[in-house]
Amino acid sequence: MCPNLIVIPSDHLFYQELSVKLKRFLELKIPIIEQYSIDEWFGDLNGLVKDEDTLEFITELRDEILKEFDLPITIAASESKWIAKLMTDKIKPYGAFVLERGEVDEMTRGYDVNDFPGVGRAISKKLDTHKIKTLGELREYPNILYAYGKTGRVLYHRIRGTDKERVIPYSQRRGIGISRNFKAILDRGEIYRRVVILARYLSYTITKLSLNPTTFYFKIRYEYGAKASQSITINRLFNENFLIALAKNMIHKLDNHINYKIHYIAISSSNFADSDNRKTFSILEYERDLKFAALNQKLIKIRDKYGVDAIRYGSEGGGYLINQQVKKIS
């Protein structure tokens, strides 16, 4: 019937390799990442991106992935990761969209119940017997889902966008990092200011995940293609003060082309100390690190509520408070 049909065989090994590469890339942009399938991830922007900057952030991320991997992707943002996933399915093939808190009911009211992730065959048949076709109709009859016990209650809150489920990263993470690409800068004072910001953001995520990395990797890229990188292993109790000092020192050490402009900085960490990878921390620094680690826990509470930029360092130009809503993206 189709003599000119070209059949392209599947290549699952290639798909998996590309999935791993993309995940590593995403972890540099959004350190708290949860893999949902081979080509879907949830990411937590809480404290990392201001509400008003969310659309710009995900649009730039989408475009950067296309340039880096030749992959056209779709990203949607919402306070609920399941609403975010629903929206990605609606704005394909190359969309970027932010659904605000008060717009969930109105925007998704007419969507088919079978389009929502988690509505399986059994629930679909049950809803069909009640002539319920849309999410708007289902929201008016919570008892239908409540009859399924905890599973039904969870699903009902998901379709309302009120589930407040956390993005859960893979527990045995091998590494975590952050990087930024920007217009080339010659001023080293500005470079170190950005290093402090990146280290602060990375510290926030490391502390939030209760990790204690002991190996750190630093990289800079210059204009004209030159680059420099180095890793270092230090057995210390992790804290923000330690990471910022180390980052500034390592970037200074790597910067061998002081007359070249820098356009890229990356900081990552790995080799986490835990029950399966025991480390002996430096006795000379332990008491001091313990105090700074305790301070980190207090900072987390403030930054979770007001954003990572709520408390900054003097070298960044002062601190301020912002009102930050939780954002989940898919």
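**Close-up views of a predicted model**

**View 1. The loop that holds K164.** K164 sits in the loop between helix 8 (150-160) and strand 5 (175-185); helices (H or I, at least four residues) and strands (E, at least two) are DSSP runs, numbered from the N terminus. Its phi is near 55°, a positive value in a residue other than glycine. With a relative accessible area of 75%, K164 is exposed; exposed means over 50%, buried under 20% and partly exposed in between (1.4 Å probe, protein chains only). This is a predicted model, in which local features need pLDDT of at least 70 and side-chain atom pairs count only at pLDDT 80 or more, while totals for chains, interfaces and linings use all residues. Residues are numbered from 1 along each chain as its sequence is written, and side-chain values use heavy atoms, with hydrogens and water left out.

**View 2. The loop that holds K131.** K131 is placed between helix 5 (121-129) and helix 6 (135-139), in the loop. Phi of K131 is also positive, near 60°. Most residues other than glycine have a negative phi. K131 counts as exposed, at 65% relative accessibility.

View 3. Of the 10 residues in helix 3 (residues 81-90), 8 are buried. Among them are W82, I83, L86 and M87. The loop between helix 3 and strand 4 (96-98) contains P93, and the peptide bond from K92 to P93 is cis, with omega near 15°. Most peptide bonds are trans.

**View 4. The largest nonpolar core.** This core has 79 residues; a nonpolar core is a set of buried Ala, Val, Leu, Ile, Met, Phe, Trp, Tyr and Cys residues joined through side-chain atoms within 4.5 Å. L61, I65, F116, I159, F218, I220 and I265 touch the most other members. Helix 9 (residues 188-208) gives the largest share of the core, 9 residues. Apart from neighbours within four places in sequence, I65 is in contact (heavy atoms within 4.5 Å) with L22, F25, L26, D70, L71 and I73.

**View 5. Confidence along the chain.** The mean pLDDT (the predictor's confidence in each residue, from 0 to 100) is 89 for the protein. Residues at 70 or more make up 94%.
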